Amino acid sequence: MSQQIHHSLAGEGRELFTVDSTATVKVGAEHTNGEYELFEIDGERGSFVPPHRHPWPESYYMLHGRMSVQVGSKRYEMGPGESITVPTGAVHTIEVRSKAAKFLAFSLTDGTGKLFADLDANVPPGGAMEELAPLITEIAERNRTSFIGRPAE
């Protein structure tokens, strides 16, 4: 497979349910030979990704709303036009702080897309986090992502 030109129009892209947010695939690994991916993430207040790590770097760019990103022991409050990079293997977490937020997530490998697709295919919407935590942990682990503590914590 080789890299190819891919044009993604506004409002287009495969939507993946990622437990408490929606990730729209804007550039998929199939377009870049697995070298990178780009997602548009929509979340509502309280959307939260527990502390975790994975063996690839990623970056976030805020489009609208506010979110908190913690990398290691440092917390960053982010608003529109701001970006942050998360190094390979760094423990990080994300939480939407405004009524809603939209941001771009850029991942250097196909790992994030595989994780999002697995969550979308296997986690039922609307379930209680306490009940879903073991399933989410299993999905994360098979996609090379480790939670620091359980997702319900």
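Colleague: How far apart are the end C-alpha atoms of helix α2 (residues 129-142)?
Modeller: This is a predicted model, in which local features need pLDDT of at least 70 and side-chain atom pairs count only at pLDDT 80 or more, while totals for chains, interfaces and linings use all residues. Residues are numbered from 1 along each chain as its sequence is written, and side-chain values use heavy atoms, with hydrogens and water left out. Helices (DSSP runs of H or I, at least four residues) and strands (runs of E, at least two) are numbered from the N terminus, and the expected span of a helix is 1.5 Å times one less than its number of residues. For the 14 residues of α2 this rule gives 20 Å, which agrees with the distance between the end C-alpha atoms, 19 Å.

Colleague: At which residue does α2 bend?
Modeller: A bend at a residue is the angle between two fitted axes, one for the seven residues ending there and one for the seven starting there. In α2 this angle is about 25°, and the residue concerned is L135.

Colleague: Which elements do the buried residues of α2 pack against?
Modeller: Buried means under 20% relative accessible area, exposed over 50%, and partly exposed in between, with a 1.4 Å probe and protein chains only. On that scale L132, A133, I136, T137, I139 and A140 of α2 are buried. Taking contact as heavy atoms within 4.5 Å, these buried residues of α2 pack against α1 (111-122) and β11 (146-147).

Colleague: Which elements do the buried residues of α1 pack against?
Modeller: Helix α1 has 12 residues and reaches 17 Å from its first C-alpha to its last, close to the 16 Å expected. Its buried residues are G111, T112, G113, L115, F116, D118 and L119. The elements that they pack against are β1, β2, β3, β5, β10 and α2.

Colleague: Is V19 buried or exposed?
Modeller: V19 lies in the loop between β1 and β2, and although it is not a glycine, V19 has a positive phi of about 85°. Because its relative accessible area is 18%, V19 counts as buried.

Colleague: What is the relative accessibility of W56?
Modeller: W56 is found in the loop between β4 and β5. Leaving aside neighbours within four places in sequence, W56 is in contact with T88, S107, L108, T109, G111, T112, N143, R144 and T145. W56 counts as buried, because its relative accessibility is 1%.

Colleague: How much space lies in the largest cavity?
Modeller: On a 1 Å grid over the protein atoms alone, a cavity is a set of points where a 1.4 Å probe fits but cannot get out, whereas a pocket is an open set with protein on both sides within 12 Å along at least five of seven lines; lining residues have an atom within 4 Å of a point. Grid points are joined across faces, edges and corners, and a volume is the space filled by probe spheres set on the points. The structure holds one cavity of 30 Å³ or more, and the space in the largest cavity is about 490 Å³.

Colleague: How many nonpolar residues are in the lining of the largest cavity?
Modeller: Of its 32 lining residues, T18, V49, H52, F116 and L119 are the closest to the centre of the largest cavity. Ala, Val, Leu, Ile, Met, Phe, Trp, Tyr, Cys and Pro count as nonpolar, Asp, Glu, Lys and Arg as charged, and the others, Gly among them, as polar. In this lining nine residues are polar and three are charged, while the number of nonpolar residues is 20.

Colleague: Which residues lie nearest the centre of the largest pocket?
Modeller: About 200 Å³ of space lies in the largest pocket, and its lining has six nonpolar, six polar and six charged residues. Among the 18 residues that line this pocket, those nearest its centre are R14, V25, G28, A29 and E30.

Colleague: Which residues does E12 touch, not counting residues up to four places away in sequence?
Modeller: E12 lies in the segment before β1 (15-17), and it counts as partly exposed because its relative accessibility is 39%. With that sequence limit applied, E12 touches T24, V25 and K26.
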